[in-house]
Amino acid sequence: MQVHSSVVPCLLLFLFCSTADSYFGYGLIRCQFDSRREVVYLEQLYFNKVFLGQYNSTLGQYVGYTERTRKIAEELNKSKGFLEQAAKNKKKCEENRELIYDIFLTPVEPSVTLRSVEAASATHPGMLVCSAYNFYPKNIKLTWLRNGHEVTSDVTTTEELSNGNWLYQIHSHLEVKPSPGEKIFCKVEHASLMQPKLYEWESLTPADRNKIAVGTAGLVLGLVFVLGGFTFYKKKNKGHQPVPTSPGTH
Ligand SMILES: *[C@@H]1O[C@H](CO)[C@@H](O)[C@H](O)[C@H]1NC(C)=O
């Protein structure tokens, strides 16, 4: 269960500062949504970075963390009005639950790149890296297919790394030195995809392909000239067939 990874806060911020710039306090009122679709309503008070106290709907009470705020919390907990208002606010959070999940929790398809890393030394083979970026939710599966078979050895995969913005990335390394003609795929399975998606390893980069295209064009052009020259030579020589020398002329 990945709960902490996808908590959506939806908040209201109050700031209060002293004119001397030496005090800074703020209050946060937030609805917190987690991936179990549970809602927590929070009212939190900070002063000079110190967390003084809060209302937490899980407890249904105000809690103070300093001597002073503990007393205030006690008073607030005795007052029916404050607790009722907090409970009402929690209901409002719940009313917006579907909207929040629609906006934030729809799957986002990863963008996938496949690249090779040069061998560090002769004893180490080269490495292919399959990277998936900017996907949501966190769960994902990357597998390597070599000539139609799943590769399980020489594979290391990182965990899903949080970008810090709801999205995740992951990197899988395959130690391999692809031989020409080999088919290597990185297979991606994710909630955003109706079916697994295959990404083929291509040993030629677009730049390589350009070089080959230019080289081939040059070769073809060269051949055209050679053939053209050859035909011209043939034609020319047809008109001037060497006259057979008759034995009597010498
Ligand atoms: C709210 O209370 C619950 C239950 O005690 C706790 O698990 C959670 O961490 C609290 N939330 C905050 C922000 O303190």
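Modeller: Ring pairs link Phe24, Tyr26, Tyr46, Phe51 and Tyr65 into a cluster. This is a predicted model, in which local features need pLDDT of at least 70 and side-chain atom pairs count only at pLDDT 80 or more, while totals for chains, interfaces and linings use all residues. Residues are numbered from 1 along each chain as its sequence is written, and side-chain values use heavy atoms, with hydrogens and water left out.

Colleague: How many aromatic pairs does a search of the whole structure find?

Modeller: Rings of Phe, Tyr and Trp (its six-membered ring) pair if their centres lie within 6.5 Å; planes under 30 degrees apart count as stacked, over 60 as edge-to-face and the rest as tilted. Searching the whole structure, the number of aromatic pairs found is nine.

Colleague: Which class of pair do the rings of tyrosine 26 and tyrosine 46 form?

Modeller: Both tyrosine 26 and tyrosine 46 are buried, where buried means under 20% relative accessible area, exposed over 50% and partly exposed in between (1.4 Å probe, protein chains only). Their ring centres are 4.8 Å apart and their planes are at 10°, so the pair is stacked.

Colleague: And which class holds for tyrosine 55 and tyrosine 62?

Modeller: Tyrosine 55 is buried, with a relative accessible area of 4%, and tyrosine 62 counts as buried at 11%. The ring centres of tyrosine 55 and tyrosine 62 are 5.0 Å apart and the planes are at 55°, so the pair is tilted.

Colleague: Which residues surround the ligand?

Modeller: A residue is near a molecule or strand if one of its heavy atoms lies within 4 Å of it. By class, the shell around the ligand has two nonpolar, four polar and no charged residues. The residues around the ligand are Leu42, Gln44, Gln54, Asn56, Thr58 and Leu59.

Colleague: How far is an oxygen atom of the ligand from an N or O atom in the side chain of asparagine 56?

Modeller: For glutamine 54, a polar side-chain atom lies 2.9 Å from an oxygen atom of the ligand. For asparagine 56, the distance from a side-chain N or O atom to a ligand oxygen is 2.3 Å.

Colleague: What is the handedness of the disulfide of cysteine 31 and cysteine 93?

Modeller: A disulfide is a pair of cysteine sulfur atoms within 2.5 Å, and cysteine 31 is joined to cysteine 93 at S to S 2.1 Å. The torsion about their S-S bond is about -70°, so the disulfide is left-handed.

Key:
Polar contact = N/O pair within 3.5 Å; in protein donor to acceptor, adjacent residues only side chain to side chain. Nonpolar A, V, L, I, M, F, W, Y, C, P; charged D, E, K, R; others polar.
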